[in-house]
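Thanks for making the time this morning. I would like to walk through a few details of one structure, so please have a look at it before I go on.

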Amino acid sequence: MSLRTKFFTIAALAIATATFSTFASAQDTSANSSDSAQTQEKSDRKAYGKRGSHYKGMRGGKRGGMRGLRGLDLTDAQKVQLKAIHESNRPNDAVRQEMLTFRQAKRDGTLTPEQKERFKAIRMQGREKAEAIRLQIEGILTAEQRTQLETRKAEMQKKMQERRELRRENKTDNPNDN
């Protein structure tokens, strides 16, 4: 084998090694990114507890916004008004963080009576705000859209009741299962 052939063979191996290591490190980075995203998602779920989606929804998360209004054929003007209502009623991050602190203290068993009262007050304010938002949204809907919304709400309540009954039946059928 000539010196020239050996040189090109070594150069080709060096390039192949560099290329392979670059692709391997890029794959590791993307795997770490998805792992960290999954870890963050899990920690978010833990922070919100069992009712995480409801809690997020009240604060404009995945379930918030206009999800319940789909299929009502909203006009562009109504969509703009809805967006303005949601923007003007955006939650306060400081209050949200305070609630998370109270929830953690409750889980740990260190919630003081003062914190408990503040916790209740914040929850009542949140309920009042949610009711005000609901009334604002209903105010921009037409009579037909409100009727459709009420029909959907009744259907959902019926489905929820059926699920509750089914769970009760399953619980009584299998008393040893938890």
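Let me begin with a question: are Phe 102 and Phe 119 buried or exposed? Keeping in mind that this is a predicted model, the answer is that Phe 102 is buried, and Phe 119 is buried as well. The count of aromatic pairs comes to one, and that pair is formed by Phe 102 and Phe 119 in an edge-to-face arrangement, with 6.2 Å from centre to centre and 80° between the planes. Because Phe 102 belongs to helix H4, residues 93–108, and Phe 119 to helix H5, residues 113–140, the pair ties together parts that are 17 residues apart in sequence.

Staying with H4, this helix has 16 residues and spans 22 Å from its first C-alpha to its last, close to the 22 Å expected at 1.5 Å a residue. At the start of H4, Asn 92 brings a side-chain oxygen to within 3.0 Å of the backbone nitrogen of Ala 94, while after the helix comes Gly 109, with a positive phi near 80°.

Turning to helix H3, residues 76–88, the buried residues there are Gln 78, Leu 82 and Ile 85, and since they cover an arc of only 60° around the axis, they sit on the same side of H3. The other side of H3 carries Asp 76, Val 80, Lys 83 and Ser 88, which are exposed. As for what covers the buried residues of H3, this includes H5 and helix H6, residues 143–173.

How values were computed. Residues are numbered from 1 along each chain as its sequence is written. This is a predicted model: local features need pLDDT of at least 70, side-chain atom pairs count only at pLDDT 80 or more; totals for chains, interfaces and linings use all residues. Side-chain values use heavy atoms; hydrogens and water are left out. Rings of Phe, Tyr and Trp (its six-membered ring) pair if their centres lie within 6.5 Å; planes under 30 degrees apart count as stacked, over 60 as edge-to-face and the rest as tilted. Helices (H or I, at least four residues) and strands (E, at least two) are DSSP runs, numbered from the N terminus. Buried means under 20% relative accessible area, exposed over 50%, partly exposed in between (1.4 Å probe, protein chains only). The expected span of a helix is 1.5 Å times one less than its number of residues. A polar contact is a pair of N or O atoms within 3.5 Å; within protein, one must be able to donate a hydrogen and the other to accept it, and residues adjacent in sequence count only if both atoms are side-chain atoms. The arc is that of the directions from the helix axis to the C-beta atoms. Contact means heavy atoms within 4.5 Å.
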